[in-house]
Amino acid sequence: AVKQYLILQQIRYDFQFDVHIHVDQEVLDVPIPRFILQPLVENALYHGLDDDGYIQVDVRQSDQIEISIRDNGAGIPEDKIEALLSAEVGNRSAGMGIGMSYVNRIIGMHYGGRAKLELSSRLGEGTTIKLSLPNEGGADHD
C-alpha cells in the first residue's frame with residue numbers, strides 16, 4: 001500500500017524521487033493498527049525532499065517489529081523534533097506534525113508503553129523515523 005501511495009504522489013505532483021522498500025516477508029502476517037505507516041512516509045515526502053530525493057522504508061522482524069523510514073531531505077531542526085512528536089495538535093498549521101502525533105497516539109492506545117516512535121534528523125542530510133512495535137502475532141506466534 002505504501003508503494004502504491006508513493007507512486008500516486010509522484011503522479012499527482014509530477015515530482016520524481018527514488019523509493020526503496022524492504023519488508024521481511026514474515027512481517028506481512030503480523031497485525032498492526034491501521035494507518036500508521038502512511039503518515040510517517042508522508043512526513044518524509046512533504047518535509048524536505050527535492051528531485052534528488054529518496055525515501056527508504058525498512059520493515060524487519062525480530063523480538064519486535066522495527067520500521068524505519070529514512071529520507072535525504074532538508075532535515076528538521078532539533079527544537080522542532082519534540083514538538084512534532086507531541087500529542088498536542090491544536091495550534092498546528094495544516095499538515096505540520098499532525099500525522100506524527102496521530103501515530104504516537106494510536107500506538108500509545110494500542111500498545112501502551114510497549115511501542116516507541118523516535119525521530120532523528122540532521123540539517124542538510126535528512127531524517128530517520130523509527131517505529132518499534134511489539135511482535136504480537138503472525139506466523140511465529142500462532
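The lining of the largest pocket draws at least two residues from each of α1, β1, α2, β2 and β3, and α1 gives the most, with three residues. In total, 20 residues line the largest pocket, and Ala1, Val2, Leu28, Ile32 and Leu37 lie nearest its centre. The volume of the largest pocket is about 540 Å³. A pocket is an open set of points on a 1 Å grid over the protein atoms alone, with protein on both sides within 12 Å along at least five of seven lines, and lining residues have an atom within 4 Å of a point. The volume is the space filled by probe spheres set on the points, which are joined across faces, edges and corners.

The model is predicted: local features need pLDDT of at least 70, side-chain atom pairs count only at pLDDT 80 or more, and totals for chains, interfaces and linings use all residues. Residues are numbered from 1 along each chain as its sequence is written, and side-chain values use heavy atoms, with hydrogens and water left out.

The largest nonpolar core has 35 residues, and Ile55, Ile69, Ile107 and Leu133 have the most contacts inside it. Such a core is a set of buried Ala, Val, Leu, Ile, Met, Phe, Trp, Tyr and Cys residues joined through side-chain atoms within 4.5 Å. Buried means under 20% relative accessible area, exposed over 50%, partly exposed in between (1.4 Å probe, protein chains only).

Helix α4 has 14 residues and reaches 20 Å from its first C-alpha to its last, close to the expected 20 Å (1.5 Å times one less than its number of residues). Its buried residues are Met100, Ser101, Val103, Ile106, Ile107 and Tyr111, and their cover includes α2, α3, β4 and β5. Beyond neighbours within four places in sequence, Ile107 is in contact (heavy atoms within 4.5 Å) with Ile36, Gly112, Ala115, Lys116, Leu117, Leu131 and Leu133. Just after α4, Gly112 takes a positive phi of about 65°.

Phe35, in the loop between β1 and α2, has a positive phi of about 60° although it is not a glycine.

Definitions and conventions
Helix = DSSP H or I, 4+ residues; strand = E, 2+ residues; numbered from the N terminus. 1 Å grid on protein atoms, 1.4 Å probe; cavity = no way out; pocket = protein on both sides within 12 Å on 5 of 7 lines; lining within 4 Å.
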